[in-house]
Amino acid sequence: MNARRARVLRSAGWLALVACMLAGPPLQAAEPARPLFESEAELAVTLEADWRVILRDREDPRRHAAVLAYTDASGVAHRIPVTVQARGVTRLRMCRFPPLRIRFERDAAAGSAFEGQRSLKLVTHCERGATHAQYVVQELLAYRIYNRITRHSFRVRPLAITYLGQGGRGGPGSHFAFVIEDLREVARRTDHRRARRMPMAPEEYDAPAMARFMLFQYLIGNTDWEVLGRPGLEQCCHNVRVIAPRDSSGLVALPYDFDAAGMIDTAYAAPHPSLPIDSVTERLYRGFCAHDGPLEQVRGEFLAARQEILDTVRTEPRLGSARRNATLRYLAGSYETFEDPDRFARDIRGRCRRPGRAARRPLLRFRRAARRRHQRHPAGRPQAARVAAPAPGFPGPAQ
């Protein structure tokens, strides 16, 4: 009897094992839906808050209660409780309306376009008027250009946003803006994680990814960034976030904040005094010699993407004709360097940096010249309007 019972139990065990194998791996909690950046279409929203207090006390780090609302394509109205907080460095100091950070409580946006979001940067107009509205459109295009080059980039979603005062009365009115994908979402989407260490040397970065980063910054004429940490700094970097792949050691730099790019040429932007250029519209390659190996391959990638990049600008409906033409001319000037092997060798390979070595020309002369040019009025613009803008405590770009 005992032997028979043992045979039955063994059979039952085998049946249970087979059933488990057929059922597959245990179910895991499903990833929350994150539909916001799956579309590039403009989303009309309202943001209701006490703007009088927020704009008056913009340097106060407190979070302010707000309501983000919109009506979806099915006609369903969504009202999402959020908090808003002024953020930024130069724009926080210079602009009448600062950039914002919007934070969501867990599950507060369930069932909406903002589902799965916890914290979003909102890029806003700096001042009233068509020129500043165009700056925002051009900065959105800078993000989209890099999206065309690599998936290791922040996605953006355009918003037609109406700022309402408390109770829906008054407020700063309607403006164009966009939100930027959160770093955690970029890391999840690309199977990376946030870097846990501060990169101190170029060799810590993935060479092809860094070559793409550097050629992109040259393409749009942006020098307002730094990718290396330095002794005494608590964090890295300036206008860059860093992610690390899960299966290798090469770090990847994600650029953001392009309002100081020559492609945009905002009225308040100026190069850092340590750099050998007089205007943000002057192109300067700041790549490292350590990443020269894949430059030719990456140059080919940029040349192959040229039509798609230019079409991204040509087909942007919110960009006025004058700004569109100026943006296309600027990009075409960068592409002249990419297309000409001799110019590429001279202006890109020949300008690479070796950290720790002196610049090719004396840095002291650059700084003296920079002081002189910043004492003069930039052509046609008030002196106070253009300022170099390193982050607080950040010593500026390494030569």
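## Disulfides, salt bridges and a buried arginine

User: Which residue forms a disulfide with Cys 289?

Analyst: Cys 289 forms a disulfide with Cys 352, and their sulfur atoms are 2.0 Å apart. A disulfide is a pair of cysteine sulfur atoms within 2.5 Å. This is a predicted model, in which local features need pLDDT of at least 70 and side-chain atom pairs count only at pLDDT 80 or more, while totals for chains, interfaces and linings use all residues. Residues are numbered from 1 along each chain as its sequence is written, and side-chain values use heavy atoms, leaving out hydrogens and water.

User: Where do Cys 289 and Cys 352 lie?

Analyst: Cys 289 is in the loop between strand S10 (252-255) and helix H7 (295-304), and Cys 352 is in the loop between helix H10 (341-347) and helix H11 (363-375), 63 residues apart. Helices (H or I, at least four residues) and strands (E, at least two) are DSSP runs, numbered from the N terminus.

User: Are Cys 289 and Cys 352 buried or exposed?

Analyst: Both Cys 289 and Cys 352 are buried. Buried means under 20% relative accessible area, exposed over 50%, and partly exposed in between (1.4 Å probe, protein chains only).

User: How many disulfides does the structure hold?

Analyst: The structure holds two. Cys 95 and Cys 126 also form one, and this link is left-handed, with -100° about the S-S bond. The link of Cys 289 and Cys 352 is right-handed, at 85°.

User: New topic: how many salt bridges are there?

Analyst: A search of the whole structure finds 25. A salt bridge is a side-chain nitrogen of Lys or Arg within 4 Å of a carboxyl oxygen of Asp or Glu. One of them joins Arg 155 and Glu 181 at 3.0 Å, N to O. Arg 155 lies in the loop between H4 and strand S6 (156-164) and Glu 181 in the loop between strand S7 (173-180) and helix H5 (183-189), so the pair ties together parts that are 26 residues apart in sequence.

User: What about Arg 87: how far away is the nearest side chain of opposite charge?

Analyst: Arg 87 is buried yet has no salt bridge, and the nearest such side chain, Asp 257, is 6.1 Å away. Lys and Arg count as positive and Asp and Glu as negative, while His and the chain ends are not counted.

User: Which backbone oxygen lies 2.9 Å from a polar atom of the Arg 87 side chain?

Analyst: That oxygen belongs to Leu 100. Leaving aside neighbours within four places in sequence, Arg 87 is in contact (heavy atoms within 4.5 Å) with residues including Leu 100, Lys 121 and Val 123.

Technical notes: A polar contact is a pair of N or O atoms within 3.5 Å; within protein, one must be able to donate a hydrogen and the other to accept it, and residues adjacent in sequence count only if both atoms are side-chain atoms.
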